[in-house]
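Colleague: I have a chain open in the viewer. Could you show me how to read its features, one at a time?

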Amino acid sequence: MRKTIQFGLLSGVFMTLLLTGCAFGNNEVRDLSTERLARTIIENQSTKSDVLLRLGEPDYMTAESDGTQVLQYSWTRGRPSAKNFIPFNPVAEYPMTQKTLRVWCDASGIVRRQDFSGIFYIHRMPLVGADSTHSIRPLTKEELNDLADIEG
């Protein structure tokens with residue numbers, strides 16, 4: 001009886017985790033909308049320090065030959081597709097949404113350019129065979145904003 005209860009609890013926790021999916025990356029980017037970004041990081045006015053204070057350390061930072069630094073932030077969410085739970089479904093799907101912010105700062109630390117974009121990506125994996133297919137498309141401005149926590 002005790003093992004049945006433990007198995008039931010573990011199964012419930014596993015199914016909850018399986019159904020909820022996961023997200024990783026910078027939560028500040030998750031909460032960005034195009035309007036909030038326009039108020040927060042202003043080209044030719046904001047500084048690298050302003051960006052770091054608002055968003056924290058970037059996921060990646062690269063330097064270009066002219067001394068420009070590129071800060072890259074991203075946030076990704078993956079969820080299982082409802083199709084994965086249909087019995088005898090021959091293809092498993094794993095949709096993912098990603099938001100990316102790149103900020104270019106000149107050698108003096110002034111923000112010169114920014115690019116805020118996102119993609120919707122589906123990895124399709126047949127349960128039999130080895131050929132996977134992928135679908136990818138850019139997110140619209142509305143979709144980018146819908147992923148944001150619009151408060152504040």
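Modeller: Start with contacts, meaning heavy atoms within 4.5 Å. Of the contacts in the chain with a separation of 6 or more, 57% are between residues 24 or more positions apart.

Colleague: What ground rules apply to the model?

Modeller: This is a predicted model, in which local features need pLDDT of at least 70 and side-chain atom pairs count only at pLDDT 80 or more, while totals for chains, interfaces and linings use all residues. Residues are numbered from 1 along each chain as its sequence is written, and side-chain values use heavy atoms, with hydrogens and water left out.

Colleague: What does the chain average in pLDDT?

Modeller: pLDDT is the predictor's confidence in each residue, from 0 to 100. Here the chain averages 80, and 81% of the residues score at least 70.

Colleague: How many helices and strands does the chain have?

Modeller: Helices (H or I, at least four residues) and strands (E, at least two) are DSSP runs, numbered from the N terminus. This chain has five helices and six strands. Their order along the sequence is α-β-α-α-α-β-β-β-β-β-α.

Colleague: Which residues of helix α4 are buried?

Modeller: Buried means under 20% relative accessible area, exposed over 50%, and partly exposed in between, with a 1.4 Å probe and protein chains only. Across the chain, 30% of the 152 residues count as buried. In α4 (residues 48-55), the buried ones are Lys48, Val51 and Leu55. Down the axis of α4 they fall within an arc of 60°, so they line one face of the helix. That arc is taken from the directions from the helix axis to the C-beta atoms. Ser49 and Leu53 are exposed, on the face of α4 turned away from its buried side.

Colleague: What do the buried residues of α4 pack against?

Modeller: They pack against α2 (27-30), β2 (60-63), β3 (69-78), β4 (91-105) and β5 (111-126). Glycine 56 follows α4, with a positive phi near 85°.

Colleague: How do I read strand pairing?

Modeller: Two strands pair if DSSP finds at least two bridges between them. β2 and β3 are antiparallel over four bridges, with threonine 62 partnered by valine 70 in β3. Their hairpin has five residues between the strands, and glycine 67 in the turn has a positive phi of about 95°. β3 and β4 are also antiparallel, over ten bridges. There, threonine 76 has glutamine 98 in β4 as its bridge partner. β4 and β5 run antiparallel too, joined by 15 bridges. Glycine 109, in the hairpin of β4 and β5, has a positive phi near 90°.

Colleague: Is threonine 100 buried or exposed?

Modeller: In a regular strand the side chains alternate between the two faces of the sheet. Threonine 100 is in strand β4. Its relative accessibility is 13%, so threonine 100 counts as buried. Opposite threonine 100 stands serine 117 in β5. Leaving aside neighbours within four places in sequence, threonine 100 contacts Gln72, Tyr73, Ser74, Asp115, Phe116 and Ser117.

Colleague: Which ring has the charged end of arginine 113 over it?

Modeller: A charge sits over a ring if NZ of Lys or CZ of Arg is within 6 Å of the ring centre and within 35 degrees of the ring normal. Here the ring is that of tryptophan 104, and the charged end of arginine 113 is 3.8 Å from its centre.
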